[in-house]
Amino acid sequence: MENSSKEEYKIQSFDLETQKLLKTALKDPGSVDLEKVSNVIVDQSLKDQNFSREAGRICYTIVQAEAKQTNGNVFRRNLLNRLQQEFKAREETRKRSTQEWVCLVSFICNIFDYLKVNNMPMMALVHPVYDCLFRLAQSDALQNEEEVDCLVLQLHRIGDQLEKMNMQLMDELFNLLRDGFLLQEDLSSMGRLLLLEILEFRAGGWTLSETAQKYYYSEVTD
Amino acid sequence: MSANGTSRLNKGTSRWTHCRKRGADGNLRKSLEVGEPDKCSQSSRRQESFTTPESEGPVSRVKNWGDEVEAEEMRSNVQRDMHRYRRRILEADFPQRDRKISSGSSDSRDSKDSKESPAKGDIETDETTLIRRQKQINYGKNTLAYDRYIKEVPKLMRQPGVHPKTPNKFKKYSRRSWDQQIKLWRVKLHAWDPPAEEGSDLQQIEEIDLGEIMEFELDVECSADTEFQCPTSSGALLSLAEDSFAGTPKKMMKIEDAEMS
């Protein structure tokens, strides 16, 4: 049980004491300092790429556990407010470290994916998420494979949900991506490939046709 | 969209400008400088004031995500409750065929709800009101007394008049009537307070003006959507701190007698 929950929530990268804190938060949220827990999670998400992509799940579980046990939402509130701070400072973060910036985006999108409110995505996050994606679609970011990779990952995961929440913004975003693909000269070929794939992905209704899947993802025999 | 071919080549600025001629606040944007494609002014403008579909106007910058999401949750909970309630009323009015035969006239209903139920469509639907009422209910339900009450008395065993019943937020009531029902409900719930010290309880009980409670039992008619207007006497009663009624069961019986008369 111990190892499987580590695996499930991807908390192996934390030190043992913190792992213990998180496990307690999952079982008995009322007994821990939930503000501290939320900070610990956000801090790690900004450093650890793997964790930033999966942290949504553990957050969701803690939110549910707290709601059930004490009817409270201290954890969610602290998490969101901390996230908001980081979001506000995103441009500085991007200047300081691309890695941290893409971790931030992954984390926000993962939270958007997992933390639903009555099974609906949190409306408060829709514009912030779009803001991040638009930033990644700017020409200086498109030059950077790490950022393109982040962008397409998020669109794969939550693109269809985002589109439902706001079709117009998704259209505008894809206009930028189309333009970038066609006109931007300093894109790497990997960058171009990633963009082409995501363009096809959305055009296919947020899924790839079988042939496209083969084209992009099969091993190439030479 | 401009049909001019050059607009595509000037993609950064003129396309941008063309798509977003107006800011989210409705004012015309001044066009982007050519040299600032990464400014991402769209996002900074969006942060200043944007209108979400649900809100009445621009969202103030001061609001934090924690609060926003809580408000969203409250709204969607209330909407969900409303759908459930509507279904429940419809079911009560149109019971299953076999039940209808056995129960005879439409007056004899199993569901108590339909006897008291408002005519279809005559329920409170104003979201602001429902949210306000739900918050008041939540305050009451977040008490130790309520927890102990629901553990002790299962719903089926509840007797009207004796056991507190949560006011129904979907029924049409005037503001004063509703607030009064909440007060009385919470006073009744105090009977299940965890054991506390004797001395302090008796002190606080003196503050209740039983006469005023009786007066409002008579449910004065006001329009459902007037803002809270109360004569000064009720103002005094309602301004008492929520938890100043720390009653012992004996005291509660006195008040209930008054209600039932």
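Colleague: Which helix of chain A holds A:Met190?

Modeller: Keep in mind that this is a predicted model, where local features need pLDDT of at least 70, side-chain atom pairs count only at pLDDT 80 or more, and totals for chains, interfaces and linings use all residues. Residues are numbered from 1 along each chain as its sequence is written, chains are lettered from A and ligands numbered from 1 in the order in which they are written, and side-chain values use heavy atoms, with hydrogens and water left out. Helices are DSSP runs (H or I, at least four residues), numbered from the N terminus. A:Met190 falls within residues 189-203, and that's helix 12.

Colleague: Is A:Met190 buried, partly exposed or exposed?

Modeller: Buried means under 20% relative accessible area, exposed over 50%, and partly exposed in between (1.4 Å probe, protein chains only). A:Met190 comes out at 39%, so we call it partly exposed.

Colleague: And where does B:Val162 sit?

Modeller: Its relative accessibility is 42%, so B:Val162 is partly exposed. Its C-alpha is 8.8 Å from that of B:Lys188, 26 residues apart along the chain. As for its place in chain B, B:Val162 is in the loop between helix 8 (144-152) and helix 9 (175-189).

Colleague: What is the mean pLDDT of chain B?

Modeller: pLDDT is the predictor's confidence in each residue, from 0 to 100. In chain B, 41% of residues reach 70 or more, and the mean is 65.

Colleague: What ipTM does the model score?

Modeller: There are two scores here. The pTM is 0.69, and the ipTM is 0.90.

Technical notes:
Helix = DSSP H or I, 4+ residues; strand = E, 2+ residues; numbered from the N terminus.
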